[in-house]
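Hi,

Here is the structure I promised to pass on. Have a look at it first, and my notes follow below.

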Amino acid sequence: MDHSGHGMDGMNMDMPPFTLGRALEFGGDPFFLVGCLLGLVLYCWAVIRLRRRGDAWPTGRVVAWALGVVSVALVMCTKLNDYGMAMFSVHMVQHMVVSMLSPILLLLGAPVTLALRALPAAGRGRKGPRELLVALLHSRYMRVITHPAFTIPLFIASLYALYFSPLFDLLMESRAGHIGMMVHFLAVGLVFFWPIMGVDPGPHRPGYVMRMLELFAGMPFHAFFGIALMMASEPMVDTFVHPPASLGIEALADQQAAGGIAWAFSEIPSVVVLIALVYQWYKSEERQSQRSDRAAERNGDQDLADYNAYLASLNARGR
């Protein structure tokens, strides 16, 4: 197998040196461009549908969803995607954003909740998109793929089993393989973070302490993966062994940079998710306290009414 800098379909032979301005020029993958546009259009349609009938939808969720879609577009719909086929460090930025940053933002947008509220009911005895979505949420399949016994090993295997096996080189040889790999990274991130800090309802929703344990069970493996790349004495992935000479980079140094990126991304999302979890926990306790106060108030009103009725009965007997 020849990995002499040609990359996917020979597209990376004479790439100009990497600069941020050049990398962020438009010119990425059409598959993700269409997907990002559809994501924005459908979400906006659902929000507009809610507001036209007088229902509110938090602006923060709209912002989170938009930022999530934009984060995918920045790494997959620009020339950063082309550089990611030739530079391990840039590829690692793509991987980390798509698997660990974009899913968090998309989940904070609560797309499932929005769909359930915006889609019309099909009517008695019929099944429309809303009913199919509800059935999927309650299915055995969804219970399996959101359980930590599945999500944590999948999260870990997406690093070690992919990069340290011939599968990665095989996927990087074709555009379809590259697209499939990035879709996989996004899906793994979504199913890993959804039970931990997702706003949407799901079949697996443990307590907040357990969610934190699930988070910290997976993150150290990202750090170890990054350290392994940084400490290696030779290139570990064939695809990036011979980068194009026009880039002016050395394969081992670029791999060490990729390892540093993977290590850093094991910390940043952990902090973001932890903040979101603490906030959700606080709001949950606040709602529970309000419900308890209202119940106590209703009970107090009932006790007062009973006491007044008792006094009235005594007064009637006194007459």
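A term to start with: buried means under 20% relative accessible area, exposed means over 50%, and partly exposed is in between (1.4 Å probe, protein chains only). At 2% relative accessibility, Thr146 therefore counts as buried.

Before I go on, this is a predicted model, where local features need pLDDT of at least 70, side-chain atom pairs count only at pLDDT 80 or more, and totals for chains, interfaces and linings use all residues. Residues are numbered from 1 along each chain as its sequence is written, and side-chain values use heavy atoms, with hydrogens and water left out.

Back to Thr146: you'll find it in the loop between helix 8 (140-145) and helix 9 (helices are DSSP runs of H or I, at least four residues, numbered from the N terminus). Its side chain reaches the backbone oxygen of Met142 at 2.7 Å. Leaving aside neighbours within four places in sequence, Thr146 is in contact (heavy atoms within 4.5 Å) with Thr151, Trp194, Pro195, Pro203 and His204.

Now helix 9 itself (residues 148-163). Its axis and that of helix 11 (residues 175-197) come within 8 Å and cross at roughly 155°; axes are lines fitted to C-alpha atoms over the stretch in contact, with angles from 0 to 180 degrees between N-to-C directions. The two helices are therefore roughly antiparallel, a label for angles over 145 degrees. Thr151 of helix 9 is among the residues making this contact, as are Phe155 of helix 9 and Phe185 of helix 11.

Helix 2 (residues 30-52) and helix 3 (residues 59-76) have axes that come within 9 Å and cross at roughly 170°, so they are roughly antiparallel to each other.

Cheers

Key. Parallel < 35°, antiparallel > 145°, perpendicular 65-115°, else oblique. Polar contact = N/O pair within 3.5 Å; in protein donor to acceptor, adjacent residues only side chain to side chain.
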